[in-house]
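Hi,

Here is the structure I said I would pass on. Have a look at it first, and my notes follow below.

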Amino acid sequence: MKGPSLLLGIGTLAVHHANTLVLALSTSTPAAAASDRTSPAEVKQMFDDFAPSFESKLIDSLKYSAPKECAQTASNRIDNRQGRRYSSCLDAGCGTGLSGPHLRPLVDGTFVGVDLSPKMAEMAAELVRDDGPTPTVPDRMRRCTESARLGLGGIDRLYDGIFIGDLLDLQNAEALDGFGFDMTSFPSSESEPFDLIVSADVLCYFGDMRGVLKSFANRLAVGGDLIFSTETMKAGDYNWVQLQSERYAHCADYVRRMAEDAGLKVVSQMPFTPRMEAGEKVLGTLHTFAKEE
């Protein structure tokens with residue numbers, strides 16, 4: 001069990017080049033089989049354990065900015081849509097809902113979150129709308145149990161539905177009960193595609209991007225946007241790098257190729273800082289792709 005260390009990648013374990021996987025093991029690192037994603041079971045267990053302290057440690061200690069940066073990118077895209085807000089949104093890997101208060105004002109219709117960790121998803125499910133001119137709590141992360149929500153007159157939940165599931169198997173994502181949601185099944189890719197999909201600081205648990213980007217493309221409406229973040233490295237000949245912590249860093253050119261293979265068009269790939277680590281800025285890329293009409 002790696003706990004918070006899995007959130008913070010230190011050291012290189014494997015480098016994936018264009019056609020081969022080359023292990024780059026230090027003398028202090030035991031031999032291990034490289035994987036193209038972190039084990040879903042391991043991610044689930046880690047975040048279930050980490051959920052109670054997740055927000056305080058990342059926001060206060062690490063200056064975590066990926067959720068806000070992804071949402072700001074979506075807000076900027078609305079200007080390119082003649083001011084038209086998104087008709088629906090999937091917060092893919094929603095965690096405790098840190099992106100939620102920033103995304104909700106950009107969405108006119110259905111706003112859905114999905115996460116692999118039930119404990120993280122429950123925290124997102126507790127969020128309620130906090131639309132007043134002055135936030136009730138910092139970052140509008142206001143939470144209520146279901147009984148408290150009903151006692152307040154049935155104030156609206158922030159999300160319209162929260163689901164537990166794997167991003168590679170969204171059709172089998174299970175609705176989270178007990179929070180007053182009406183949604184009982186995950187929206188169909190054919191009849192209810194999303195106008196916006198956002199995945200903030202989630203794809204660092206995938207090495208090979210092909211499958212997850214195809215999954216997103218299949219769920220994205222024509223004319224819709226996909227916005228997500230990745231970590232990267234200063235330089236090197238690689239597609240993706242598996243870190244000793246089992247997080248992954250990705251070359252922006254590789255991400256673009258995989259997205260284009262999935263039928264998406266690149267809008268922008270911008271360097272940014274998703275968080276601080278040991279007093280240093282973590283290198284990241286903020287990606288925006290669109291599904292052309």
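What percentage of the 293 residues of the protein chain count as buried? The answer is 52%, where buried means under 20% relative accessible area with a 1.4 Å probe, protein chains only (over 50% is exposed, and in between is partly exposed).

Some housekeeping: this is a predicted model, so local features need pLDDT of at least 70 and side-chain atom pairs count only at pLDDT 80 or more, while totals for chains, interfaces and linings use all residues. Residues are numbered from 1 along each chain as its sequence is written, and side-chain values use heavy atoms, with hydrogens and water left out.

On the overall make-up, the chain has seven helices and 14 strands (DSSP runs numbered from the N terminus: helices are H or I with at least four residues, strands E with at least two). For contacts (heavy atoms within 4.5 Å) between residues at least 6 apart in sequence, 68% join residues at least 24 apart.

On the strand 8 side, Ile-197 stands opposite Leu-226. From strand 7 the chain passes through helix 6 (residues 210-219) to strand 8, a right-handed β-α-β crossover (clockwise from the first strand over the helix to the second, with the strands pointing away from the viewer).

Leu-196 turns up again in the largest nonpolar core, which has 43 residues; Phe-47, Phe-54, Leu-103, Tyr-159, Ile-162 and Leu-196 touch the most other members. Such a core is a set of buried Ala, Val, Leu, Ile, Met, Phe, Trp, Tyr and Cys residues joined through side-chain atoms within 4.5 Å. Helix 1 (40-62) is among the contributors, and gives the most, with eight residues. Beyond its neighbours within four places in sequence, Leu-103 contacts Ala-71, Cys-89, Asp-91, Phe-111, Leu-196 and Val-198. A second, separate core of 37 residues includes Val-112, Phe-194, Leu-264 and Phe-289.

Lastly, Thr-73 sits in helix 2 and is buried, at a relative accessible area of 16%. Leaving out residues up to four places away in sequence, Thr-73 touches Ile-227, Leu-286 and Thr-288.

Cheers

Methods:
Pairing = 2+ DSSP bridges.
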